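My entries follow in the order of the look-ups.

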Amino acid sequence: MAARERLARIRSAVVSGDDDEPGLSLAVLAGAVAAFVSLPLAGLLVRASNYGLGHFLDVFADTSSLDVLVNSLSLVGLVTVGCVLVGVPLAVLTVQTDLPGRRAWTIIAALPLVVPSYIGAFTFVSAFGPRGDLAGALGVIGIERIPSIYGLHGAALVLILFTYPYVFLTTRAALLSFDGTLVEAARTLNHSRWQAFRRITVPQILPGVAAGGLLAALYALSDFGTPSIMRYEVYTQQIFVAQGSLGVPEGYPALLSIQLLAVVAVVLALESRIGDGDTAYVSRGASQPGRVSLGVWKWPALAFCTAIAVLSLGVPLGVLAWWFQRAGDAIFEFDPMIAWNSLKVAVAAAGAATVLALPVAGYAARSSSRLSMVSDRLTYVGYAIPGVVIALSLVFLSTEFVQSLVKTVPLLVFAYVVRFLPQAVGSVRSSVLQVDPKLTEAARTLGRSSTDAFRSVTLPLIAPGVAAGAALVFLTTMKELPATLMLRPIGFETLVSYIWLVRGAGSYGAAAVPALVLVGVSALSMVVILAQERYNG
């Protein structure tokens, strides 16, 4: 009787359409994680509130602050539009056309993400700057001046080349999920391929384009290295310079940070209006439309793909290889412990972010309560806040309340976790959503606790998503510049801090080895990420 009763309970759990809400312990864990990673934002707001509204308005009305605002908005606008103009055509070519070598072009188009934008920036300056290799080669034939790469156009060009993969990957995912029968139906109504694309495909993939555009815009707002190298004043560069500088008005960095967060809020609001339409992604199982034959347009398409690949991969890797060849004895001066420091903190951040993401993602995926939504959204605050702002807030909090944490590795790792936890949460949550909750319920009816059921049933099924999330956190942590520069312990060099140091000293040869190591390790992380996705359409 006991065995028959247990079998009936299992059957009831499997066939039941009603899913129980997650337990109180999971809700408490998710709420605690959300509150924990919200500390930097709370600290920044507390510090800024000490200076009063009048002081804030004075800083905002200052001419230099207005210039920084205009510069930042101009850069974000150009980068977002440029990423869409590059990423969307590449996605369409690799999914919906007979472009030769589509699989290879898909991988090549995603790879610029492994090159940190600041490395791209100073390789471009080395190649195309006033004293760069191109200027030297043209000087031989009598051309003494070339257009300056510094300023808005140079910063925008570099950021577009190394952030367009965000738009490419999200748009490609939307195209792969798109129901091709809708296009075929439009074609039977005498719509041309262009009309069908404009009226049917574009509205369906617009949320994916908007999501990628948002990532590119947030990256442009948060980037510190590229604008600094390109001598273009934006919020992140001004906040970094103002922190600890003499003669800076009291509270200026904190108040500038609040202005930057206001700009971030506007960007998020604009994206939500674009992305939250009536359209929805169609099941991945839907049929794909027939591939468009490019015909004579095959050659311009290949030329476009090749040009983007040369600029985003050929130039930085070629310049780094050239530096390496010319480095000489500087190659042997590189201390391997610097690479080990980077690996150590990146692994720690990836591990901590993954562990903290599990309760948040599990609760968000299994509950529709207001608490689950708030917990989930609060973890994403760190991704919207630039690294320089998070670092500034943690400097304030540690100095005021826990001085033993000032300039320590745990504080640095915490900054990484706050900044990149959303990447792990998103990956884990999407994996949990694909696991039938009835499987866990069936395990519970066999007498297993919630923890045992999660460990034995859910965790093996979501392991690929967990690995992809951890690899993504590892990848972005390896490249993070401003938080590393502001929070690392004295004498604790990482790859990015060492690259920044020798770049500032003009010793490009000494930067070759750490830059190549950083790109190589990032590429390995990208392999793990791509292995979890179906990019070959």
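Entry 1, the largest cavity. I find that H11 gives the largest share of the lining of the largest cavity, namely four residues. Helices here are DSSP runs (H or I, at least four residues; strands are E, at least two), numbered from the N terminus. This is a predicted model, in which local features need pLDDT of at least 70 and side-chain atom pairs count only at pLDDT 80 or more, while totals for chains, interfaces and linings use all residues. Residues are numbered from 1 along each chain as its sequence is written, and side-chain values use heavy atoms, with hydrogens and water left out.

I took a cavity as a set of points, on a 1 Å grid over the protein atoms alone, where a 1.4 Å probe fits but cannot get out; lining residues have an atom within 4 Å of a point. Grid points are joined across faces, edges and corners, and a volume is the space filled by probe spheres set on the points. I count four cavities of 30 Å³ or more, and the largest has a volume of about 290 Å³. Its lining has 20 residues, with Tyr219, Ser222, Arg419, Phe420 and Glu480 nearest the centre. Two or more lining residues come from each of H7 (117–128), H11 (193–222), H20 (409–433) and H22 (450–479). I sorted the lining into 11 nonpolar, five polar and four charged residues. Ala, Val, Leu, Ile, Met, Phe, Trp, Tyr, Cys and Pro count as nonpolar, Asp, Glu, Lys and Arg as charged, and the others, Gly among them, as polar.

I defined a nonpolar core as buried Ala, Val, Leu, Ile, Met, Phe, Trp, Tyr and Cys residues joined through side-chain atoms within 4.5 Å. Buried means under 20% relative accessible area, exposed over 50% and partly exposed in between (1.4 Å probe, protein chains only). The largest core holds 153 residues, and Ile119 and Met230 touch the most other members. Helix H9 (residues 152–176) supplies the largest share of this core, 15 residues. Leaving out residues up to four places away in sequence, Met230 is in contact (heavy atoms within 4.5 Å) with residues including Phe124, Ile149 and Val158.

I found zero disulfides, taking one as a pair of cysteine sulfur atoms within 2.5 Å. Cys83 is buried at 0% relative accessibility, and Cys305 is buried at 3%.

Leu397 sits in helix H19 (residues 387–400). Its C-alpha atom is 9.6 Å from that of Ala42, 355 residues apart along the chain.

Methods
On a 1 Å grid over the protein atoms alone, a cavity is a set of points where a 1.4 Å probe fits but cannot get out, and a pocket is an open set with protein on both sides within 12 Å along at least five of seven lines; lining residues have an atom within 4 Å of a point.
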